[in-house]
Every structure is written in C-alpha cells, then in structure tokens.
Amino acid sequence: MNNPFPCVRALLLLTLLFDTRSARAGGTTQPVPPTILQSFPLNPAGDDWRDSPPVLSANGLSLCTHVVSLDGKVDRTTIFDVRSGKTLREFNDPATEAFHCLSPDGKRAAVIRPNQPPSSYFVRVIELDRNRVTFEHEAGGGYCLFTPDGKRLLFDEARPKPAPGYPTMHLAVADLETGRVVAHLALGQWDAPADLISSDGRMFVTVDRNDAHLKVWDISTSRTFSTPELRAGDTQRSLCFINGDKSLRGIDDLGVIRTWDVNTGKLISRVEPSERPMFAGTLSADGKFVIRGGYGGVVFEDAETARDLRVWRFGSEFKAVAYPQTFRGDTMIAGVGGQAISRLVLLKIPPWNELHLPESADERERRLAADRARDMPATAPAAAPPAHSDADLRSAAWWLDRAEAECPLIPDLWQQRAFEAQIMIARAAIGDTSGERRMEKVLEGRFPNIPPNRSPVVAARAEADVYELRRLVSSGKIDEAIKAAGGDQSKLACVATGVARKGDVDRAVALFHRVGGERRGRAEGTAAWLLLVDGHAADAERLASHIDDEKFRRTAYTRIAEYWAQQGDLNKALVDFANVPPGRLDSSHMRAVSRIIAALAKRKGDDDARRFIELLPEKERNDAWGRLAEGQLDRDDVDAARHTFANISGNAAYWLREPLVQAQVRVGETQQAIDTAAADRFDGNLAYRVISAAIECGKLDVAAEMLKRLPNLDGNEEFSRTQKNILTKHVVVAFANADRLADAKNLLATVKEGQAPEGQRDADLYASWSIAAADRRAGNRAAYEVVRRPLVDALQHAEGAPSREQALAMLLAFDVRTDNFQAAEGDLAQCDQQMLRAADQIFFGELHQDRPTDSQAARLQRTQAVLRLICQTLDRGVIELAMGPVVKAHAEQKKYSEWLEFAQKLPSPRARIAAYLGMAQLLAPTDPPEPNE
C-alpha cells in the first residue's frame, strides 16, 4: 500500500486550491461509497460488543480496539498493524495487564499492571513487533502518556500515603532510552490530565475541575505557564496546540470552539456553532478542522468559523460508524456491522470535490420555492375521530415527505438518524408503505456504543411493528398478525388488544394467557379501557371478569362503573362497583366512589348520587358527600352545594372552602365570595388561589375588592404585608394585560414598602414589565423606555460572566414579556450557548401567556413569534416540546398554508422537521391516552 497516511496539511492545501464556484457546480449531492483499504476482524459472528472507540497511533500505523461480549465472558484488547491487518498483541485479562496508550510511531504500547498490594501498579512499555518489555517502573495509578517524539513517558508516580492537602496526582517523566525518571510534575488537588502535550514535549495541559480553568504546565519546572479561563459547566471534548504551540484550541460539549494564547491564557477567539450539535466532535491534529462522525458518514467543519466545509455520506448500502478521532489526512477508521460491530475498516476519504457541499442560501430558496409550488392536499381537522379518513392519511404523508426532505440537511448524522426513526414511526402509524425502502437504513441501522436492546432505532422499529400488527388485526388478518408477533409477548399483547376491540373477547383472552407476568394484567386493563372508549361496555365487562391480577381487575371495574355513571345508569354502575370491594392494600375502592359520584354530579344526577351514597358504609359517607358537593361546585350549582354541605363535617368541609369561593366568584356572587373568604381567616396560599380564580374569570374588580378585605394573615403583620403585596402585584399584572393601565398604576401605588423576599422581587418585575407592555401597546414609548433603559445599562456595564448573564437574562425576559420580539432577537445575538439554555426556559414560560384582550389571531401570532425565538436557541428537545401547542393551534384553525409558510422560515432543519412532523402526527390515528390512576 503506497503511503496512505499523508499529513493533514495535504487536505488543507487541496481545500485552498479548490475553486468554490466550480466545486459548487460539480459537487455531488449523492452518497459517496467509501473505499476500504484494510479490514480488522473483531468477531466474525458479531456476538461481541466493542464498548470504547478505537485508538489509532499518531502516524496511523497501529490500531487498538477493546471488545467486550454481551454476556461479559470476553474482555479483550487487540492491537493491529494497520498496513498488514495482522494482530500485534492481545490483552485478554484486563485485571492482569490493561492497555493504556500507543506511542506516536505505533511501535510500542504502554500498559498498566496491578502489583501487590492491589493499591499499587507497574507501568510497562512493550515493543509490539518483538513483544518485549523495554521499560518498567512502579506507578501510583492507571495513567500514562507518551510525548509526541515518543522518547519520554508521563505516568502517575508511586508515592507514600498522601497527607492532607497532598496533590491527587504526582506525574513522573521517564526517559525511555535510559529508563530513568528525569522530571516530576506535582498537579493541584483538582487537576485532571487533558491528554495533551506540546510538540516539543515541554508543555502539558490539565483541567482544574474546581474553578473551571485549563492549566498549561512547564513539565521541567512543574509550574504553570497560564490558566486559560473556561465557563462553569464547560467540558472540553478535544484540545490541541496550534500556531507552533503558541495557541491552544478546544471544543466543548456544546460545540463552542475557543482559542487561547498559551503564554497569557487570554481568550483570542470564541466561535459558536451554527447549530447546537448532539455531539461536539473532534479537532484535527492541527486544529484546522472540527470532525463530527457517526452512523452513516462524517461532517468536516472549518474550526475558524464553525461552518460546514463538506459532508461525506456513506449511503444506505454501507452500514458503518465513523470515528473522527482516527482522522489522518485522507483516511479514517469505521466500524461495520448490524446490531453489533463485527469488524473495523480503514477507509480512504474521497477527493474533496466529490463530497457534499452545505446548502447555500440560493439553493435553499430554490428548494423552498419548488416546495411551495406543490399543491397542499385538503387536510381534515386535527381533532379527527379514531377512524381517520383517507384524506387525513394522505395529508399526513404529505407533511412527512416535507420532514424527510429536510433530514439530509442536518449535519449531525446522529440527529439525522433520530429524526428518521420518528418519521418511520409516523409512516407506520398511517400505513404509508411507500417510504419503507427509503427508511431501510434506519430499520437496519444502529447507534454506536449502545446495546441493541437500548438503541432508539431498534425501539422505533419495534413501535413501527406494533402499528403493522394493528393494521393486520383491523383488516381481519388475525392469524397472520399472530404469526408476525412470534414469541414476543409485547407484540402478542398488542394483537390480543386488537382482537378484543374487534369483539372477539374469547380469542383475546386466550391470547392474553400467552402473555406472562404483570405485562398481561396491564395489557388486559388497557384493552378493557379501549373497549369503553369504543362504547362496548358489555365486552369490557366480559374481559374484566377474566383478569387474574387483582390490581388491574379492580381498575377495570372502576372504569366500567364510571362509564355507566356517565351514561346515567346507576343500576349497572352498582353492579360493576360491587367488584371493587374495600381493600387494605390500595385505594381503588375510594377511587371508584369518587369517579361514580363525579360522573353523576356532572350529569346533574344528584338524586342518583344521594341514593348511591346512602348505600355506602357509614364511615365512607362523609367524604362521599364532599365529592358530591365538589362536583356541584364544578358545575357552578352553588345552591345545590349549600344543601349538600349540611351532610358534611370535619376535613371534608375544610377542603371545600376554596372551591366554594371560586364558584361564587364565577357565578357572580361577589359579596358572598368576599364574605366567605374574609370570615375564614384563610392563609396566603388560599388567598392566592381565590384571587387567581377571579383573575381567570376576568373579574378583576372582584379581585381588587378581595385584596382590600384580606385580614391580617396568620396573625403576623409583616408576613401579612409581604403576602398581600405579592397578591396585589398579581392583580396589577392582570389589569395591565387587560389594558386597564390606569387601574394597574393606581393599584400598584397602594403597595406598602417592606422587605423583598424572592417571591416579592419576582412580582415586582412582572408588575413593572406588564405595565411597560401596556404603555407600549398604548403608544407611550417614553414610559416603556423608563423600564427598559436600566436593563440595557446594566448589561453594558456588567463585569464578568455571572453579572453579564444575569443582566442579559433580565433584558431578554423583559423584551419577550413586552412582545418586543425584534429586540429579543437582538438580545439572542449576544447570548452564548450557556445563556441559550436560560433563554429556552424564558421563552417556554412565555409561550402560553395570553391576554384577555387578545384575539385568536393575536394569540396565534404571539405564539409564532415566541416559537421562532425558541427555534433560534437550537435546543432540539425544547423545540419539539414547544412545537406541540403551536402546531395544534394552527391545525384546529385549519391554517395549514400559514403553518407551512411559517415552518419554512424557521432557522434550522431540525426546527423545520419538528414543525412538519408535528402536523403529520396530529393527523395520524392514535389511541386516546389512558387515564392516570
């Protein structure tokens, strides 16, 4: 093989000489299958599991891999010669001798060997081709590292029992030619090695885990050159020296690339990623590239700008996991296999102009224009019945096509696979078989370093299989579904549930009996619940009678009794209620009582509820009367509740105080509500809830009047004043949100000054910000700026990261609270990745903030604006969580074209996929959520 390991600079030179315009014209958008230069077998049967990434020597001539079998019987480390593929050395017993690192030339390996007593170790250097020990020394722990020239070895030196305050690690530097220790490096108590030595072997880097600093050490003097500053919580995933060891570059867990001056420790540059990656990636040896790899391909980014340079996708035919830490100019190591990696391969990276280019703004605009030209099918309402129409399913498939089209634009291949798995599940739910071939790579794929039984892709495939089983059962192909389920008990339970819903309870029971343990009882209970949802109560009763697990049988009969009560048939409810006798171990009996009474009260079947209560044992009646009164208050029948109160005493009467006052507020018995509340000397929490009820009803004058009537809470004057101030400010916010600006300012003037605990400070902020928002809506810009100006000044004069973060968070929260979304986008531009996490919380809290004066269109516009801000934070989990209520609002109003236009303008492919996928999932047929017990 002719020198397959040129230096990284060759690739950089190719990049500089490559004309971008011609590349953009000639660059392919198709996967580029890799060329395999060498193969390294791990286990031909594929039964072993490699639990750590492979290690490649600096010159790429030796490769080390660690294999652990799933049953734990095999734990083997193997070192291969890369050029020949031959095994150089194996370590079969880690307890006896454990591999630690390879020398830069790949000819030697350092291993750690436990000594007697077990608390001490020996470090050995082994010459791999001759299998002989060239250096051995007593060590104090399991750490060692070669210098870049391979002539020296740093290792954790043996030492006496540490005294209080003694360093946690004391490194020795051994000259491997003479075998002598030539220097010592006493690390600090919180210092951890970063596995990085400068090219001349003079400097060594550690991470101070206590005060978030890197430390650059002079090995010969055991002193620090500098302490480059990090941020609290930052973890550097990869570090390297650049510019002739004059600068230090690192990438953290969030993908932020920092460069420091080695001599001073000052930060030279800080580059944010264009999207927050799932995994940070690895810096190339010269610090020019950030390389992100995973299942299916590799992404190369410019470390100076964090912009994608090229993307190398293997294609669905080559199922492999790339390891970016093994990048050596034009080669890389990948793991090949299905559910377990059976071999490693050395891949030759294709010519630069054959790799993918990131999508340009012009290309994206052309693609979106073509997308808009496609006719959107007529879409049914999102709140469709369980039997979805063909139009619903066609529309869902249309949205899934949009989501799938965005997947290749995600540079992080792991995230791409996760979205493809979700799309696969959604396609299975709507019975769309046209995408099965496209999704084959997901079905047969795997995530590296995750056991098959925990892989999200395997879980997605299992969920897709469940939808396929449901379709077989619903189409009457029950025998075929049973055969497809095989011996999988979860799938058998799914088939049995489908058979029960088709009305064949006897056959369903026989299938359930093939399912063992608690899974069977849970599945039977779920099937009985779904029969009730379908309106087949008689079949649910037959199924419940065959449930052996007492807990799930009680739950089933409770739900059936509640169902008959909802239908107004007390006699049938009593029959099923008899199967839920009082028990000592659970509360299912009282839960059944509560549900039956609540269902009867909701139907205004008070006479039936009284008859039911009189049949209960004496000790249960008081709470039952309380449940009836609660149901009457829920339907705002205050007169009926007053008659029921005559039968209630003790604790049941106490917890009904709050529902009574709230109901009186809702029905307009203002004075009675105030008198009821004031007469009881209730505590501050109850006062908050009662006043909140008045605010929710839009009865702000009632809330203000109740504030005046509040007595001295708990007999503590200072506590009373503090709590009343907080409650008053909540009412001020309500007045401001209703654009009653004069009332808000007048009420705020009544607040008495005093100490300001955290709750009161928060109330102060929201009150002042809400009034500022009302001023802004009223066109009073000067008053609005009076509130905003100090926040801007605080940000401009903030010193240090903590104070700056606090000021920026305050300004960001103010701008979004006052609907100044343009200013909020400007605030976001000043946020780093750590601050974006706080921004997620701020935006998410504001997503559902509606004002009574807002129209439906205004609320929809506001949620769009807040969601657009959330999407700029690039946190995939928060984006998907926030997307739900906004997409649902568009679907309920049938604003599908507006949602498409909005989604196409979102700033990242993952946000657009979440938008399209959310709409498709709303249109897919799903079972109703099972009620919590």
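1. Start with Val 321, which sits across from Gly 335 of strand β27. β27 covers residues 331-337 and pairs with β26 in the antiparallel sense over 4 bridges. Two strands are said to pair if DSSP finds at least two bridges between them. Helices (H or I, at least four residues) and strands (E, at least two) are DSSP runs, numbered from the N terminus.

2. A word on what you are looking at: this is a predicted model, where local features need pLDDT of at least 70 and side-chain atom pairs count only at pLDDT 80 or more, while totals for chains, interfaces and linings use all residues. Residues are numbered from 1 along each chain as its sequence is written, and side-chain values use heavy atoms, with hydrogens and water left out.

3. Back to β26 and β27: they belong to an open sheet of 4 strands, ordered β1-β28-β27-β26, with antiparallel pairing. β1 (35-41) and β26 (320-323) are at the edges with a single partner strand each, so one side of each has no neighbour in the sheet. On average, neighbouring strands here are turned by 30 degrees against each other, direction ignored. For angles like this one, axes are lines fitted to C-alpha atoms (for helices over the stretch in contact), and angles run from 0 to 180 degrees between N-to-C directions.

4. There is another open sheet of 4 strands, and this one runs β22-β23-β24-β25, again with antiparallel pairing. Its edge strands are β22 (282-283) and β25, each pairing on one side only.

5. How buried is strand β24 (residues 297-302)? Of its 6 residues, 5 are buried, so β24 is largely enclosed by the rest of the structure. Buried means under 20% relative accessible area, exposed means over 50%, and partly exposed lies in between (1.4 Å probe, protein chains only).

6. Now the partners of β24. Strand β23 (residues 289-294) is joined to β24 by 6 bridges, running antiparallel, and Gly 294 stands opposite Gly 297. The two strands make a hairpin with 2 residues between them, and Gly 296 in the turn has a positive phi of about 100 degrees.

7. On to helices. Helix α9 (residues 489-501) packs against helix α11 (residues 517-533) at about 25 degrees, with axes 9 Å apart. α9 and α11 are therefore roughly parallel; angles under 35 degrees count as roughly parallel, over 145 as roughly antiparallel, 65 to 115 as roughly perpendicular and the rest as oblique. Their crossing is right-handed: a crossing is left-handed if the near helix is turned anticlockwise from the far one by less than a right angle, and right-handed if clockwise.

8. Which residues of α9 and α11 make the contact? From α9 they include Ala 493, Thr 497 and Ala 500, and from α11 they include Ala 523, Ala 527 and Leu 530. Contact means heavy atoms within 4.5 Å. The residues of this contact divide into 6 nonpolar, 3 polar and 2 charged. Ala, Val, Leu, Ile, Met, Phe, Trp, Tyr, Cys and Pro count as nonpolar, Asp, Glu, Lys and Arg as charged, and the others, Gly among them, as polar.

9. Compare helix α16 (residues 606-614) and helix α17 (residues 618-634), whose axes come within 10 Å and cross at roughly 165 degrees. That makes α16 roughly antiparallel to α17, and the crossing is right-handed. Among the residues in contact are Ala 609 and Ile 613 of α16 and Trp 625 and Leu 628 of α17. By class, this contact has 5 nonpolar, 1 polar and 4 charged residues.

10. At 40% relative accessibility, Asp 850 counts as partly exposed. The C-alpha atoms of Asp 850 and Leu 860 are 9.7 Å apart, with 10 residues separating them along the chain.

11. Finally, the overall tally. The protein has 34 helices and 28 strands, and 50% of its 933 residues count as buried.
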